[in-house]
Amino acid sequence: MKLVKLAVVSTAVLLAGAVQAQQSGMTFFVTSAGKGNGADLGGLAGADAHCGALAKAAGAKATNWHAYLSTTLPGGDAGENARDRIGKGPWRNAKGVVVAKSVGDLHSAGNKINKANALDEKGQPIKGRGDTPNEHDILTGSDPAGMFSTAGGDTTCGNWTKSGEGSAIVGHHDLQGLKDTRHMKSWNSSHGSRGCSQDQLKASGGAGLFYCFAAN
């Protein structure tokens, strides 16, 4: 009897999340789960597909979803910038809160991305510093302006294809860090990960999560 009640409650929660995403016109979320293989997301195409699948399951009306991820090219050539992948805005979370009105607003001090607003596709908060486990490291591979990093070395876990050695720049969705610096309070460019595997991402406060934006 208890199992039946739990199943009914779980179904009701999922349906409520889907209705919420539909009614809000959701165009922004943090993935509720990564792909499970560390920072190997199957490249940008795999990450975009993951965004799309989660959004569809949540009942989102928007269909053209892109992951907020940058890439680099060999030899220091220009890669793809996260900020150029996500459309023009505005972007709303699953509860209808506008987190940014435009690309410029998103990359300014005036954006509304924080622990309260950086929700997953079902409208649920993402665990941050002080929660168990801490999952505030959000994969971006980007500098504060949302562009590919010129810092040198691996900043994108092999353009989102590595699940072992390497590193990727992450942001803190909760704007919290060990040090009280602007980098630690950055939603998109706080520090490099310890590695690219699922275990290494967990060790530094992550779970392989990333931001998704509707570009249409």
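A cavity is a set of points, on a 1 Å grid over the protein atoms alone, where a 1.4 Å probe fits but cannot get out, and its lining residues have an atom within 4 Å of a point. The model is predicted, so that local features need pLDDT of at least 70 and side-chain atom pairs pLDDT 80 or more, while totals for chains, interfaces and linings use all residues. Residues are numbered from 1 along each chain as its sequence is written.

A search of the whole structure finds one cavity of 30 Å³ or more, the volume being the space filled by probe spheres set on points joined across faces, edges and corners. The elements giving two or more residues to the lining of the largest cavity are β5 (137–139) and β8, where strands are DSSP runs of E, at least two residues long, numbered from the N terminus. With three residues, β8 gives the most.

| Largest cavity | Value |
|---|---|
| Space | About 30 Å³ |
| Lining residues | Asp137, Leu139, Val170, Ser193, Leu201, Ser204, Gly206, Ala207 and Gly208 |
| Lining classes | four nonpolar, four polar, one charged |

Gly counts as polar, Ala, Val and Leu as nonpolar, and Asp as charged.

Helix α2 covers residues 43–57; helices are DSSP runs of H or I, at least four residues long. At 1.5 Å a residue, its 15 residues should span 21 Å, and the end C-alpha atoms are 22 Å apart, which agrees. Its buried residues (under 20% relative accessible area, 1.4 Å probe, protein chains only) include Leu44, Ala47, Cys51 and Leu54. Among the elements covering the buried residues of α2 are β1 (28–30), β2 (65–67), α4 (157–160) and β8 (206–214). Just after α2, Gly59 takes a positive phi of about 85°.

How values were computed. Side-chain values use heavy atoms; hydrogens and water are left out. The expected span of a helix is 1.5 Å times one less than its number of residues. Buried means under 20% relative accessible area, exposed over 50%, partly exposed in between (1.4 Å probe, protein chains only). Contact means heavy atoms within 4.5 Å. On a 1 Å grid over the protein atoms alone, a cavity is a set of points where a 1.4 Å probe fits but cannot get out, and a pocket is an open set with protein on both sides within 12 Å along at least five of seven lines; lining residues have an atom within 4 Å of a point.
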